[in-house]
Amino acid sequence: MLVLALLVLLQTAPAPPGEDPVPPYAMSDANAGGRPFKGVAMLEAFHGVAGTDRIVDDLVTTSQADPRIGDIFKGQDIVRLRRTLKEQFCLLLNGGCRYTGRDMAIAHKNLGIQAKDMNALVENLQAAMRREGVAFSDQNAFLAKLAAMKPNVVTR
């Protein structure tokens with residue numbers, strides 16, 4: 001019975017095209033590190049799933065080129081990062097998405113992320129949200145939700 005329960009929990013799926021395989025893990029929306037906003041106002045503030053996707057693409061591209069944190073992204077599976085980050089943002093904004101990524105602690109393990117790195121990433125996210133036209137108050141509400149993940153992301 002225990003073996004069956006573990007098999008159910010450790011859902012494995014083949015790596016999507018363009019992504020590197022990862023060790024099996026329990027998939028759950030709880031891995032996203034937060035609960036979705038209620039209603040659709042926040043999703044609309046981010047211009048729907050398409051706007052959220054643009055913000056993630058902007059954030060990842062900007063952060064890869066950022067001399068403060070760009071090295072963290074070297075050697076990482078950027079295709080997977082973009083996909084799971086889009087899923088995470090969409091889920092948190094109540095866009096009806098499922099999150100298939102690892103939990104925040106495991107996803108950031110061994111990256112050696114410091115508080116200054118997370119601050120740089122937040123600045124890049126703020127710039128991406130600003131370029132998408134997300135209102136400052138909505139940016140802050142979203143950042144507050146993400147801030148709760150800091151203990152699982154910052155490891156040094």
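Which residues does Leu146 touch, not counting residues up to four places away in sequence? In this predicted model, Leu146 touches Phe89, Leu92, Met118 and Leu125 when residues up to four places away in sequence are not counted.

**The nonpolar core**

Leu146 belongs to the largest nonpolar core, which has 33 residues, and it is listed with Phe46, Phe89, Leu125, Met129 and Phe142 as having the most contacts inside that core. The elements that give two or more residues to this core are helix 2 (41–45), helix 3 (48–65), helix 5 (78–92), helix 7 and helix 8. As general background, nonpolar side chains tend to be buried together in soluble globular proteins.

**Two helix pairs**

Two packed helices are described by the angle between their axes and the distance between the axes.

| Helix pair | Angle | Distance between axes |
|---|---|---|
| Helix 7 (residues 115–132) and helix 8 (residues 136–147) | about 150° | 11 Å |
| Helix 3 and helix 7 | about 135° | 9 Å |

With an angle of about 150°, helix 7 and helix 8 are therefore roughly antiparallel to each other, since angles over 145 degrees count as roughly antiparallel. The crossing of this pair, helix 7 and helix 8, is right-handed. On the side of helix 7 the contact is made by Met118, Val122, Leu125, Gln126, Met129 and Arg130, and on the side of helix 8 by Gln139, Phe142, Leu143 and Leu146. Sorted by class, the residues of this contact between helix 7 and helix 8 comprise seven nonpolar, two polar and one charged.

Helix 3 and helix 7, packed at about 135°, are therefore oblique to each other. The crossing of helix 3 and helix 7 is right-handed. Here Gly51, Arg54, Ile55, Asp58, Leu59, Thr62 and Ser63 of helix 3 meet Leu121, Asn124, Leu125, Ala128, Met129, Arg131 and Glu132 of helix 7. The contact of helix 3 with helix 7 holds six nonpolar, four polar and four charged residues. Leu125 and Met129, named above for their contacts inside the core, take part in the contact of helix 7 with helix 8 and also in that of helix 3 with helix 7.

Another residue of helix 7 is Ala127, which counts as buried at 11% relative accessibility. The C-alpha atoms of Ala127 and Thr62 are separated by 9.3 Å, although the two residues are 65 residues apart along the chain.

Not counting residues up to four places away in sequence, Thr84 touches Tyr99, Thr100 and Gly101. Glu87 is also found in helix 5, and is buried with a relative accessible area of 15%. With the neighbours up to four places away in sequence again left out, Glu87 touches Cys97, Arg98, Tyr99, Thr100 and Gly101.

Ala107, placed in helix 6, counts as partly exposed at 27% relative accessibility. Ala107 and Leu81 are 26 residues apart in sequence and 9.8 Å apart in space, taken from C-alpha to C-alpha.

**Loops and positive phi**

Most residues other than glycine have a negative phi. Against this background, His47 has a phi near 65°, a positive value in a residue other than glycine. His47 is found in the loop between helix 2 and helix 3 and is partly exposed, with a relative accessible area of 38%. Asn94 has a positive phi of about 65° although it is not a glycine. Asn94 lies in the loop between helix 5 and helix 6 (104–108), where it is partly exposed, with a relative accessible area of 31%.

Is Pro17 buried or exposed? Pro17, in the loop between helix 1 (2–9) and helix 2, is exposed, with a relative accessible area of 79%. The C-alpha atoms of Pro17 and Pro67 are separated by 29 Å, and the two residues are 50 residues apart along the chain.

Methods: Residues numbered from 1 in each chain as written. Predicted model: local features only at pLDDT ≥ 70, side-chain atom pairs only at ≥ 80, totals over all residues. Heavy atoms only, no water. Axes fitted to C-alpha atoms, helices over the stretch in contact; angles between N-to-C directions. Helix = DSSP H or I, 4+ residues; strand = E, 2+ residues; numbered from the N terminus. Parallel < 35°, antiparallel > 145°, perpendicular 65-115°, else oblique. Left-handed = near helix turned anticlockwise from the far one by under 90°. Contact = heavy atoms within 4.5 Å. Nonpolar A, V, L, I, M, F, W, Y, C, P; charged D, E, K, R; others polar. Core = buried A, V, L, I, M, F, W, Y, C linked by side-chain atoms within 4.5 Å. Buried < 20%, exposed > 50% of the residue type's maximum accessible area, 1.4 Å probe, protein only.
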